[in-house]
Amino acid sequence: MPIQIAELEQAVRDAFPVEHLQIEDQSSGCGENYFILLVSQAFEGKTTLARHRLINETLKAQITQMHAFSQKTFTPKQYQAYLAKGN
Amino acid sequence: MLRSVLQTSAILSSSRNPAFRRWLSQEARGKIQAAVEASPVVLFMKGNPQMPQCGFSRAAVQVLEMQGVPQEKLKTYDILEDPELRSGIKEFSEWPTIPQIYINGEFVGGCDILLGMHQSGELQSLLEQNSIIPKISGESSP
């Protein structure tokens, strides 16, 4: 069964204080290739590896069913800087 | 140690519950440990550097190339050729996706992290610190 964006969003919102969340299905509809961008205070003081591990853990059940999964993680401050750079 | 305690209890519960996540045997774990330490830079990927079988693996290979990681310091494993390694490495690294990069036996991350570190300059420093690529000093060389 394909994974729904709503399911991913709910799981992320249940686990993190969300400042900004973007979920894209990059599979052209088959539900097996997702990109997630999450901005959260929870990432403050954590390395990228630790942040990605948190997301991997949160979405463990869904990720195993996907073909591909990629993510970007920011603290609110980092996200401001990221946007300021024209991203 | 924690790991062996975890393993013992997991073996017990997995025999009761077949749906329980399969845990690595001591032997499989030892093999993977040797694999991640086989070279200063180790990449677990789909396909090989000449013919990557996935865009994420291709990106990882390209980043390592751009960083100038010498071939003799890089070892790649094609997880498509080894189903045991494929599932084993995910469990070993506690990381759900391929590719996976190790530097001097230390797990660095997957494709997203490698790309991010490449762009921020962290990867270059890490490779320099581990004497995998020569340090390029700020001053111009003659």
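**View 1. The open sheet of chain A.** Two strands count as paired if DSSP finds at least two bridges between them; strands (E, at least two residues) and helices (H or I, at least four) are DSSP runs, numbered from the N terminus. With that in hand, here is an open sheet of three strands in chain A, in the order β1-β2-β3 and with mixed pairing. β1 (20–25) and β3 of chain A are its edge strands, each pairing on one side only. From one strand to the next the twist averages 10 degrees. β1(A) and β2(A) (residues 33–39) run antiparallel and are joined by six bridges. Look for A:His20, which stands opposite A:Val39 in β2(A).

A note that applies to every view: this is a predicted model, in which local features need pLDDT of at least 70 and side-chain atom pairs count only at pLDDT 80 or more, while totals for chains, interfaces and linings use all residues. Residues are numbered from 1 along each chain as its sequence is written, and chains are lettered from A and ligands numbered from 1 in the order in which they are written.

**View 2. A helix across the sheet of chain A.** Helix α4 (residues 76–84) of chain A lies across β1, β2 and β3 of chain A. Its direction is at about 100 degrees to β3(A); axes are lines fitted to C-alpha atoms, for helices over the stretch in contact, and angles run from 0 to 180 degrees between N-to-C directions.

**View 3. The open sheet of chain B.** Here four strands of chain B make an open sheet with mixed pairing, in the order β4-β1-β5-β6. β4 (74–78) and β6 (106–109) of chain B have a single partner strand each, so one side of each is left without a neighbour in the sheet. Neighbouring strands of this sheet are turned against each other by 25 degrees on average, direction ignored. Within the sheet, β1(B) (residues 41–45) and β5(B) (residues 100–103) run antiparallel, with four bridges between them. B:Phe44 has B:Gln100 in β5(B) as its bridge partner.

**View 4. Where chain A touches chain B.** Chain A brings 11 residues to the contact and chain B nine; residues are in contact if their C-beta atoms, placed from the backbone, lie within 7 Å. On the side of chain A, the elements that give two or more residues are α2 (48–58) and β3 (68–74). β3(A) gives the most, with five residues. By class, this side of chain A has four nonpolar, six polar and one charged residues (Ala, Val, Leu, Ile, Met, Phe, Trp, Tyr, Cys and Pro count as nonpolar, Asp, Glu, Lys and Arg as charged, and the others, Gly among them, as polar).

**View 5. Two helices meeting between the chains.** The axes of α2(A) and helix α5 (residues 111–120) of chain B come within 10 Å and cross at roughly 155 degrees. The two helices are therefore roughly antiparallel to each other, a term for angles over 145 degrees. How do the residues pair up by helix? A:Thr48, A:Leu49 and A:His52 in α2(A) meet B:Asp112, B:Ile113 and B:Gly116 in α5(B). The residues of this contact divide into two nonpolar, three polar and one charged.

**View 6. Chain B as a whole.** Chain B has six helices and six strands. From the N terminus on, its elements run α-α-β-β-β-α-β-α-β-β-α-α. Among contacts in chain B with a separation of 6 or more, 60% join residues 24 or more positions apart.

Notes:
Two residues are in contact if their C-beta atoms, placed from the backbone, lie within 7 Å. Angles under 35 degrees count as roughly parallel, over 145 as roughly antiparallel, 65 to 115 as roughly perpendicular and the rest as oblique.
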